[in-house]
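Biologist: Please take me through this model, beginning with the terms that a student must know.

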Amino acid sequence: MTESIKVSDSQAHRGSLSAILGVSVKPELLDLALTHRSFAYENGGIPHNERLEFLGDSVLGLATTTELYRVYPQLPEGELAKMRSAVVSTVALSLVARDLGLGQFLKLGRGEELTGGRDKASILADTVEAILGAVYLDRGMAEAEALVLRLVRPLLADPVRMSAANDPKTALQEIAAARSVPPPQYEITSSGPDHNRSFTATVTVGHLATATGTGTSKKHAEMAAALRAWTHLSS
């Protein structure tokens, strides 16, 4: 009886995510897309989402490039490349993932759970790509492209937000200057073994805001923290 309840809960969980995404995906594929390698290693080396992430990265790149080419016919290749880089960046995709509430659906190992993996930008971004890969395999390119556009169009339609996603530290610094407070100050801590180090950055913007972010490098952690502070101050 207990086992059937667990299965039912898991199915409901996946169904909830499918509803959020607006597309139905085979449960086993969606489950794989949500399985981080840390969970796989702690459960006997079961398959994890990195192959789907590899596939989804290509789907994301093609769909985004096509949309930019269509929407901005006057822009030169260099400007289009900058915009695409901003949209498919780890910081931007983690922003998309947080808007979806994706962190609650992740299957993580104990170590990642303890170090804030559900809000780690790199894990969130990779999972978005894995989901796109799963949708492509199950539903085809048209459905996968449609999902990409639903996810990234808010960024494309908001140049200020897209610019902040591309360079959140500069965007935050500009807010600090505009509001006449000292430049943002960052503090970094780290945890985990050397081969799997996790960094946490805390940024303080005068008396206006304090925010934290995590990442696999100091740079990514600072960017994640800066974007959170920028989002708070811009809302």
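Modeller: Helices (H or I, at least four residues) and strands (E, at least two) are DSSP runs, numbered from the N terminus. Two strands pair if DSSP finds at least two bridges between them. The model is predicted, so to speak of a local feature requires pLDDT of at least 70 and to count a side-chain atom pair requires 80 or more, while totals for chains, interfaces and linings use all residues. Residues are numbered from 1 along each chain as its sequence is written, and side-chain values rest on heavy atoms, without hydrogens or water.

Biologist: What pLDDT does the chain average?

Modeller: pLDDT is the predictor's confidence in each residue, from 0 to 100. Of the residues, 94% score at least 70. The chain average is 88.

Biologist: In which order do the three strands form their open sheet?

Modeller: Strands of a sheet pair through backbone hydrogen bonds, either parallel or antiparallel. Here the pairing is antiparallel. Strand S1 (185–191) and strand S3 (209–215) are the edge strands, each pairing on one side only. The order is S1-S2-S3.

Biologist: Which residue in the hairpin of S1 and S2 takes a positive phi near 90°?

Modeller: S1 and S2 pair in the antiparallel sense over seven bridges, and isoleucine 188 stands opposite alanine 201 in S2. Six residues lie between the strands in this hairpin. The residue with the positive phi is glycine 192.

Biologist: Which residue in the turn between S2 and S3 has a positive phi of about 50°?

Modeller: Strand S2 (residues 198–205) is joined to S3 by seven bridges, and the two run antiparallel. Phenylalanine 199 has glycine 215 as its bridge partner in S3, and threonine 204 has threonine 210. The hairpin has three residues between the strands, and the one in question is glycine 206.

Biologist: Is threonine 214 buried or exposed?

Modeller: Threonine 214 is found in strand S3. Leaving aside neighbours within four places in sequence, its contacts include Gly116, Phe199, Thr200 and His220. Buried means under 20% relative accessible area, exposed over 50%, and partly exposed in between (1.4 Å probe, protein chains only). Because its relative accessible area is 11%, threonine 214 is buried.

Biologist: What is the relative accessible area of valine 59?

Modeller: Valine 59 is found in helix H4 (residues 50–71). Not counting residues up to four places away in sequence, valine 59 touches Tyr136, Met141, Ala144 and Val148. Valine 59 is buried, with a relative accessible area of 4%.

Biologist: How far apart in space are isoleucine 175 and leucine 156, C-alpha to C-alpha?

Modeller: Isoleucine 175 has its place in helix H11 (residues 168–178) and is buried, with a relative accessible area of 12%. Beyond neighbours within four places in sequence, isoleucine 175 is in contact with Trp230, Leu233 and Ser234. Isoleucine 175 and leucine 156 are 19 residues apart in sequence, and their separation in space is 21 Å.

Biologist: The charged end of which residue sits over the ring of tyrosine 186?

Modeller: A charge sits over a ring if NZ of Lys or CZ of Arg is within 6 Å of the ring centre and within 35 degrees of the ring normal. Here the charged end lies 4.9 Å from the centre of the ring. The residue is lysine 169.

How values were computed. Contact means heavy atoms within 4.5 Å.
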